[in-house]
Amino acid sequence: MFDDRKHKVAIHIDEEALRDLRHRRRQRNDNPWTRLVWGCAILAAGIIGWLDHTGQLNASDYFRWWPLILIALGLAHLPRKQWVTTVVLAAIGILFLPALPFLPHVRVSMILGVWPLLISAGGVTLMRQALAPAAKDARRDNSFHSVAVMGGVGRGVASSDFAGGDAIAVMAGCQINLAAAKITSEAVIDVLAFWGGIEIHVPHGWRIENHVLAILGGVVDKTDGNAPAGAPTLIIRGSAIMGGVEVRHPKG
């Protein structure tokens, strides 16, 4: 009887912890400001459509200002300090705004014409990673080097004193599995995702520090964020240029 009660209490505690974890995930991923912007935009679209239907105004005169929604969505990311998303959305919104007397008219072709500079940015990132000092105490047995070019590479690391490494994906995919690795204090991974993607699997209990610059790309941290004080720290730095970097726990 006592064992049954103990088992029930353990299950109850696990369920409470699971609900608390899900609640923290929703709080971290949910941005009320973006929902507010979308709500206002949908409300305004409905009112404008109804007034157009009743002949009180011409909806096309108002719907051409749809880029203001992108600008507002960009500003909605400011409270979360998501600077890159703010700048990208605001820049796209300003680009597609109707001609205004106080704003120079920028053509889309002018913006698309500078895309070769992104290739140069990828080259600069590679040079910086090549010249940067290696991770502290990094040796062959506790670090890794993974390069994927127009293909796919998977790498697993099971070091008991993991120090870091580097992952490069150029028009390719790179998967790094650190589920069996252990960090004594801190480790650094340099990444470059150029028209490609890098996926890093980390065990529970690690604290993730994101120092990746996203240029027309994205960085997603899907870990539970439930790392205690003094937890092992994984620092991820580098660039995601028209590519993506994702950090998550292993499935299963």
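Mentor: Let's start with Ser 146, which sits in strand E1; strands here are DSSP runs of E with at least two residues, helices are runs of H or I with at least four, and both are numbered from the N terminus. Keep in mind that this is a predicted model, where local features need pLDDT of at least 70 and side-chain atom pairs count only at pLDDT 80 or more, while totals for chains, interfaces and linings use all residues. Residues are numbered from 1 along each chain as its sequence is written, and side-chain values use heavy atoms, leaving out hydrogens and water.

Ser 146 counts as buried because its relative accessibility is 3% (buried means under 20% relative accessible area, exposed over 50%, partly exposed in between, with a 1.4 Å probe and protein chains only). Leaving aside residues up to four places away in sequence, Ser 146 touches Val 153, Arg 155, Asp 166, Ala 167, Ile 168, Cys 174 and Ile 176; a contact means heavy atoms within 4.5 Å.

Now follow the chain to Met 150, in the loop between strand E1 (143-149) and strand E2 (152-156). Met 150 has 62% relative accessibility, so it counts as exposed.

Stepping back, the chain has 7 helices and 10 strands. Of its 252 residues, 33% count as buried. Among contacts in the chain with a separation of 6 or more, 64% come from residues 24 or more positions apart.
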